[in-house]
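I would ask you to look at the structure on the screen while I describe some of its parts.

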Amino acid sequence: MKIAVLSRGPGLYSTRRLVEAGVARGHEVDVIDTLHCYMDITSNRPAVRYKGEPLPEYDAVIPRIGSSITFYGTSVVRQFEMMGTFAVNESVAISRSRDKLRSMQLLSRKGVGLPRTGFAHSPDNVKDLIKMVGGAPLVVKLLEGTQGIGVVLAETSKAAESIIEAFMGLKANILVQEYIKEAGGADIRCFVVGGKVVAAMKRQAAEGEFRSNLHRGGQATLVKLSAKERATAVNAAKVMGLNVCGVDILQAKDGPVVMEVNSSPGLEGIENATGKDVAGMIFEFIEKNARPNNTRTKGQG
Ligand code: ADP
Ligand code: MG
């Protein structure tokens with residue numbers, strides 16, 4: 001098949017591995033810089049142009065859209081969908097996953113386990129907001145943060161109040177969340193492809209840190225999932241409408257809770273921790289599912 005990886009970084013581990021795994025399975029794989037794509041939207045024949053010419057017809061695109069280019073990146077993916085190209089993750093699903101609050105609302109609607117989470121605009125009832133999620137210690141998060149930046153642990157109610165008021169004063173959108181202390185600074189990244197968890201790793205935060213992000217010095221190790229954890233990850237991916245994603249789970253005392261669902265999960269950490277050919281599994285999914293117009297929304301919405 002002829003497959004495009006939409007990525008800004010041809011040298012990034014995930015991009016390189018996708019090219020390598022695709023070629024190894026006999027595909028032709030191009031890396032296309034998302035921000036250099038431009039779109040012909042006026043005619044009945046939607047097209048994506050690149051470097052002065054229309055792009056060839058691809059059987060599938062693999063979007064690797066960084067969080068800083070969500071708006072333009074999802075427009076490019078939508079354009080491919082309109083052309084009938086199979087997108088491994090649909091544009092609407094990517095947009096959905098980028099908004100932590102929207103994701104939480106959708107997951108809660110379908111009964112997926114979540115940490116108790118609150119969201120408010122006005123600082124009038126901050127004390128009640130804090131009480132609502134179970135009081136301090138609690139976690140305050142910027143809605144569009146990533147790699148652990150913008151995630152703060154407030155140890156006391158007074159600290160929580162000041163942090164929440166400060167963020168609100170800056171007009172930043174935040175959510176306030178119950179702190180899952182029993183997770184002990186660890187979370188589980190479940191890598192889901194085509195409705196199955198194909199690899200999982202435990203990430204342990206560095207000493208004195210509660211955020212387990214590998215970018216924050218977290219250490220990854222292989223983990224065996226419980227049936228409940230596996231089912232939670234699969235369900236979360238389904239609710240979000242993502243074929244390929246990383247579902248991050250915390251082990252709370254009453255069972256697994258979903259922290260976030262990432263639509264462009266990195267391959268380096270998970271492949272190194274598990275020794276699995278996760279990139280190859282993404283191509284296996286494409287081989288089974290890539291048919292023209294085989295996306296749910298076909299560029300609508
Ligand atoms: P980001 O998108 O920046 O990665 P996350 O919501 O994943 O933001 O939070 C970063 C890290 O902080 C998580 O990987 C986890 O280790 C820790 N964390 C986040 N929320 C909670 C919580 N409610 N309770 C305990 N730890 C949390
Ligand atoms: Mg995270």
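Which residue in S5 is the bridge partner of tyrosine 50? The partner is glutamate 53. Please bear in mind throughout that this is a predicted model.

Let me place that pair in its setting. Tyrosine 50 falls within strand S4, which covers residues 47-50. S4 and S5 are paired in the antiparallel sense, and two bridges connect them. On the sheet as a whole, three strands make up an open sheet, in the order S3-S4-S5, with antiparallel pairing. Strand S3 (37-40) and strand S5 (53-54) are the edge strands; each has a single partner strand, so one side of each has no neighbour in the sheet. In general terms, strands of a sheet pair through backbone hydrogen bonds, in either a parallel or an antiparallel arrangement.

I turn now to the other pairing. S3 and S4 run antiparallel and are joined by four bridges. Methionine 39 has valine 48 in S4 as its bridge partner. Together S3 and S4 form a hairpin, with six residues between the two strands. A helix also belongs to this picture: H2, made of residues 70-82, lies across S3 and S4 and runs at about 50 degrees to S3.

Next, the division of the chain. The assignment gives three parts: domain 1 (2-91), domain 2 (97-112 + 182-285) and domain 3 (117-179). Taken over C-alpha atoms, the centres of domain 2 and domain 3 are 23 Å apart. To the contact between these two, domain 2 contributes eleven residues and domain 3 contributes 17 residues.

Finally, I would like to consider a pair of helices. How do the axes of helix H4 and helix H7 cross? Helix H4 (residues 100-109) and helix H7 (residues 227-240) have axes that come within 10 Å and cross at roughly 115 degrees. H4 is therefore roughly perpendicular to H7. The crossing in which H4 passes H7 is right-handed.

Which residues meet there? From H4 they are Ser103, Leu106 and Leu107, and from H7 they are Ala236, Val239 and Met240.

Thank you for your attention.

Note on methods
Residues are numbered from 1 along each chain as its sequence is written. Chains are lettered from A and ligands numbered from 1 in the order in which they are written. This is a predicted model: local features need pLDDT of at least 70, side-chain atom pairs count only at pLDDT 80 or more; totals for chains, interfaces and linings use all residues. Side-chain values use heavy atoms; hydrogens and water are left out. Axes are lines fitted to C-alpha atoms, for helices over the stretch in contact, and angles run from 0 to 180 degrees between N-to-C directions. Angles under 35 degrees count as roughly parallel, over 145 as roughly antiparallel, 65 to 115 as roughly perpendicular and the rest as oblique. A crossing is left-handed if the near helix is turned anticlockwise from the far one by less than a right angle, and right-handed if clockwise. Contact means heavy atoms within 4.5 Å. Two strands pair if DSSP finds at least two bridges between them. Domain bounds come from an automatic or database domain assignment.
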